[in-house]
Structure formats: C-alpha cells, structure tokens
Amino acid sequence: MHSSTDQTGRQAPPGLLDTASLEITGKDVKELQAAAAQIPPGTRVNITFLGNENMALRVEAARVVRELGFRPVPHVSARRLRSQEDLKDYLAALAEADAVEEIVVIGGDPPEPEGPFPDALSVISTGLLGAHGVRHVNVAGYPEGHPKIDDDVLWKAVEQKWAVLREQDLACSVTTQFGFDTGPVVAWIEKLRAREIDSPIRVGVPGPAGVQRLLRYARRFGVQSSASVVQKYGLSLTGLLGTAGPNRFVESLETELDTDRHGDVSLHFYTFGGVRATAEWIQNARHE
C-alpha cells in the first residue's frame, strides 16, 4: 500500500499498515516471541501498565521487546503511581533496559489516584521524563469521547499536554482509543488539526478477535458499539461465536484520509491477547 493521488486530487496516505504498532500486556511476552518472525523489525510495541502486573514484569516485557528487535513503548499510568519516587524508579528501570526513549503517558483506570498524579499532564509537568532519557511521549485521544470525561475537558487536556511537551522539547504523538466506525475518527482528526496540533496520530484498531471479546472490550472502554455501528464494521450480532478482523475499518480509513488535510496518520493495534493473530492479519493485509 503506497500513497497516491486520486481523481479528486486527494493525496492518499502511505500504507497505513507499513508502520503499524502493537499493544501487549506484560503477560503477552511468550506470544510475542512466538509471533516475532511475522512482525517487521523496528515495530513499535506498547506495553500496558495494568494494576495486576508489577514493575518488574513490565520492565522485563520491555527488555524482551528490545531483544526481539522491536521498539518498546512502555505505558505510564498516572493514577497507578503511588509517589514521585515510584515514577523515578520506573523510568530508571526502563532506562537500564534501554526502553525509555519513547513512552505512553495516560491517566489510567482507578477512580481515585493512588498517589500524587491525577492525570497524564501532572506526570508530564514534573520534568522527570526528559531527565530520565525520554524523548518521545504518546498521549491519548478519544474520537468517540470518554464515558466519564466531557469533550471540552478532553480537548483542553490534549492541547495542554501538547504545549507542555513542546516546551520541554519532547516529541509528541497522539494514540487514539479503538473504535468500530471511521466517521468519528476522521472528524476527530480534523478537529485536532484545526487546533494546529500537527503531531503524528496513531489510530487505535482492534485486532482480529472473537466477536464477544470485541464487544466486551468496547463496553469496558465506553466505545460506541450499537447494532448499526458493529454491522458497518463487519461484526454480526447473530454470529457471536465468530471472529472478526478490521478489514472494512482499515480499507475505509485509507479511502477517507487525505495526507494534505490529515497529516501523519498510522495504525495502532490493540491485540486483546491475540498477538499472533494480529501479526498474521497485518502481514496478510500488507501483501493483498
């Protein structure tokens, strides 16, 4: 898949799958190792920051990602940090594992912070990231909104994080929550660009998985999953035992995006435990 100009003058983006990134948990390392031969060298692999996994497990996962020839992108969950020392220790451990250059900073799931950081901006504002070797920070974007945060608050947060990262001379990317409909994604990208935020965007995509699992994750993250939306994506509510891939979503996104208007856009796959299935899907789609 390569960039091209269609009859309307639209500049189609370079192949969205060419620089696709993956997301794993610390417990997915063995599956990543098994699928490594199907994943291009240098692929960004995000490592989540879950409450049921400790720092040692996350750091070991990041070390293995590096050893496999991929680029580790560990998450930092602000609300799960118990202290500033907790943050320092984690960044230092990541630096020792050669896995601190690029990270993701998110607010996190806990309803109340476990320490002094209520949100991603409070972590970024410490200045500790750059001091420990971080050079690139990914922040979250929500094309379909957030079930517990007003849109105005979300937009203000993105603008503030982008501005502070620029002040600190750190690169910024925005990685979005996954969805089933490209319409809200493209509209959100246009709103982001209208705010003169020119950072690269990674659009979240659910990797191939069982229909029931996809819908369960959608409910958990507040993603729009009405019958009309999931049907448009290619899911059949009458075939809940089946498996679905993001074919329609990716094809539609490639059709709708315009490099001149939307800038640098690529894909980020949420694997939901199916690392090998996702790697195989991407590999096959690249060669279609």
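Is E101 buried, partly exposed or exposed? E101 is partly exposed, with a relative accessible area of 41%, where buried means under 20% relative accessible area, exposed over 50% and partly exposed in between (1.4 Å probe, protein chains only).

The model is predicted, so that local features need pLDDT of at least 70 and side-chain atom pairs count only at pLDDT 80 or more, while totals for chains, interfaces and linings use all residues. Residues are numbered from 1 along each chain as its sequence is written, and side-chain values use heavy atoms, with hydrogens and water left out.

**Salt bridges**

A salt bridge is taken here as a side-chain nitrogen of Lys or Arg within 4 Å of a carboxyl oxygen of Asp or Glu, and the search of the whole structure finds 11 of them. One of these joins E101 to R71; because E101 lies in the loop between α3 (84-96) and β4 (102-106) and R71 in strand β3 (residues 71-77), the pair ties together parts that are 30 residues apart in sequence. R71 is partly exposed, at 23% relative accessibility, and R71 and E101 also belong to a network of salt bridges with R44 and E102.

| Salt bridge | Closest N and O atoms |
|---|---|
| E101 and R71 | 3.8 Å |
| R195 and E159 | 3.3 Å |
| R261 and E190 | 2.3 Å |

In the pair formed by R261 and E190, R261 lies in helix α11 (residues 259-262) and E190 in helix α7, so parts that are 71 residues apart in sequence are tied together. R261 is partly exposed with a relative accessible area of 49%, and E190 likewise counts as partly exposed, at 31%.

Helices (H or I, at least four residues) and strands (E, at least two) are DSSP runs, numbered from the N terminus. Six of the six residues of strand β10 (residues 265-270) are buried, so the strand is largely enclosed by the rest of the structure. V265, L267 and F269 are on one side, with S266, H268 and Y270 on the other; in a regular strand the side chains alternate between the two faces of the sheet.

Two strands pair if DSSP finds at least two bridges between them. Strand β1 (residues 21-24) runs parallel to β10 and is joined to it by three bridges, with F269 as the bridge partner of L22. Strand β7 (residues 201-206) also pairs with β10 in the parallel sense, over six bridges, and here V265 is the partner of I201.

In helix α10 (residues 247-256), the buried residues are F249, V250, L253 and E254. They cover an arc of only 130° around the axis, which puts them on the same side of α10, the arc being that of the directions from the helix axis to the C-beta atoms. R248 and T255, on the other side of α10, are exposed.
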